[in-house]
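Here are my notes on the model you sent.

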Amino acid sequence: MQNSGGAGGLAGRSVLVTGGGSGIGLGVADLLVRGGAQVTICGRSQERLDKAVAELAAAAEQSGASGTATAVATDVTDEESVAAAVAAATAQHGGLHGVVACAGGNETIAPITQLDTEAWRRTVDLNVTGTMLTIKHAARELVRGGGGSIVAVSSIASSNTHRWFGAYGVSKSGVDHLVQLAADELGASGVRVNGVRPGLTRTELVAMITEGGPILDDYLECTPLGRVGEVADVANLVEFLLGPASSWVTGQVINVDGGQMLRRGPDFSSMLEGVYGKDGLRGVVQ
């Protein structure tokens, strides 16, 4: 973790971060803790969460930050689990002021004519239903507290088609609409809801791409700023949307992708052609 900024206006505030045990979620939590926020991270793996909390605590101590991190093992596709996580974060810190819905993933990289239907359902459940449940239960606390901010992490795959990504881009498009719907409904209670769409961002999940090769070359060709994103690039935008500097911003879904949205999605044929063949990638099923 290399963030060095502060959680502008969020010192002492309670923020829940789903998917906070690794990747972008952990980077967001790090930035917030360094800025003095009281952060509760959620994820399925208690072992990973414990490691993340220790890492966050060490970073806070090293930087002299006053923020704290705690963890609650949570499955965002299970409503009781989500409700319990929100209740724990609220009870621990005497309220809830911000939420980052970062938990997500994909199990469906294949031509659409060969998609695994059950993997499709699991992906949609994780990305769309998981985000909905997080907003549903967290927003109740934000409304009770007089307002707050929710940020959902989407993907450039929702704004630019990513061939052979199956349910991922489709479900992230659902997250984008959910952001707008929630912002429209909750604005009357002082709750803002926004989304961010990261482009290719350097995390363990995509190391096989960012370490180099034809797919990375294609990403860079389609990215006007010509580099891979860093977790801090996304975390800085999330921090802004959580804080008071964005107090008149709601219902927005903002790409943080080096400008790739201006061109096209990546070409994964070099990875998938050996599995499905050229004909398979255009929909032919033997």
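1. K136 is partly exposed, at 33% relative accessibility. E79 is partly exposed too, with a relative accessible area of 34%. The term covers the range between buried, under 20% relative accessible area, and exposed, over 50%, with a 1.4 Å probe and protein chains only. K136 and E79 form a salt bridge, with 2.6 Å between the closest N and O atoms. K136 sits in helix α4 (residues 117-144) and E79 in helix α3 (residues 79-93), so the contact ties together parts 57 residues apart in sequence. Helices are DSSP runs of H or I with at least four residues, strands are runs of E with at least two, and numbering starts from the N terminus.

2. A word on the basis. This is a predicted model, in which local features need pLDDT of at least 70 and side-chain atom pairs count only at pLDDT 80 or more, while totals for chains, interfaces and linings use all residues. Residues are numbered from 1 along each chain as its sequence is written, and side-chain values use heavy atoms, with hydrogens and water left out.

3. How many salt bridges does the rule give? The count is twelve. The rule asks for a side-chain nitrogen of Lys or Arg within 4 Å of a carboxyl oxygen of Asp or Glu.

4. R163 and D267 form one of these salt bridges, with the closest N and O atoms 3.7 Å apart. This pair links distant parts of the chain, 104 residues apart. R163 is in the loop between β5 (148-153) and α5 (167-186). D267 is in the loop between β7 (253-256) and α9 (269-281). R163 is partly exposed, at 48% relative accessible area. D267 is also partly exposed, at 25%.

5. D176 and R197 form another salt bridge, with 3.0 Å between the closest N and O atoms. D176 lies in helix α5 and R197 in strand β6 (residues 191-198), so the pair joins parts 21 residues apart in sequence. Are these two residues buried or exposed? Both D176 and R197 are buried.

6. Now the second largest pocket. Its volume is about 310 Å³. A pocket here is an open set of points on a 1 Å grid over the protein atoms alone, with protein on both sides within 12 Å along at least five of seven lines; a cavity is a set of points where a 1.4 Å probe fits but cannot get out, and lining residues have an atom within 4 Å of a point. Grid points are joined across faces, edges and corners, and the volume is the space filled by probe spheres set on the points.

7. Which residues lie nearest the centre of the second largest pocket? They are H162, R163, W164, F165 and G166, out of 23 lining residues. The elements giving two or more residues to this lining are α5 and α9. The largest share, three residues, comes from α5. By type, the lining has ten nonpolar, eleven polar and two charged residues. Nonpolar means Ala, Val, Leu, Ile, Met, Phe, Trp, Tyr, Cys and Pro; charged means Asp, Glu, Lys and Arg; the others, Gly among them, are polar.

8. The aromatic rule gives three pairs. The rings of F165 and Y168 have centres 6.3 Å apart and planes at 65 degrees, so they are edge-to-face. Rings of Phe, Tyr and Trp (its six-membered ring) pair if their centres lie within 6.5 Å; planes under 30 degrees apart are stacked, over 60 edge-to-face and the rest tilted. F165 is buried at 12% relative accessibility, and Y168 is buried at 18%.

9. The rings of Y219 and F268 have centres 6.3 Å apart and planes at 85 degrees, so this pair is edge-to-face. Y219 is in helix α7 (residues 214-221) and F268 in the loop between β7 and α9, 49 residues apart. Y219 is buried at 6% relative accessible area, and F268 is buried at 3%. F165, Y168, Y219 and F268 form one aromatic cluster.

10. The whole structure holds one cavity of 30 Å³ or more. The largest cavity has a volume of about 30 Å³. Its lining includes L16, C42, V82 and T134. Helix α3 gives the most to this lining, with three residues. The lining divides into six nonpolar, three polar and no charged residues.
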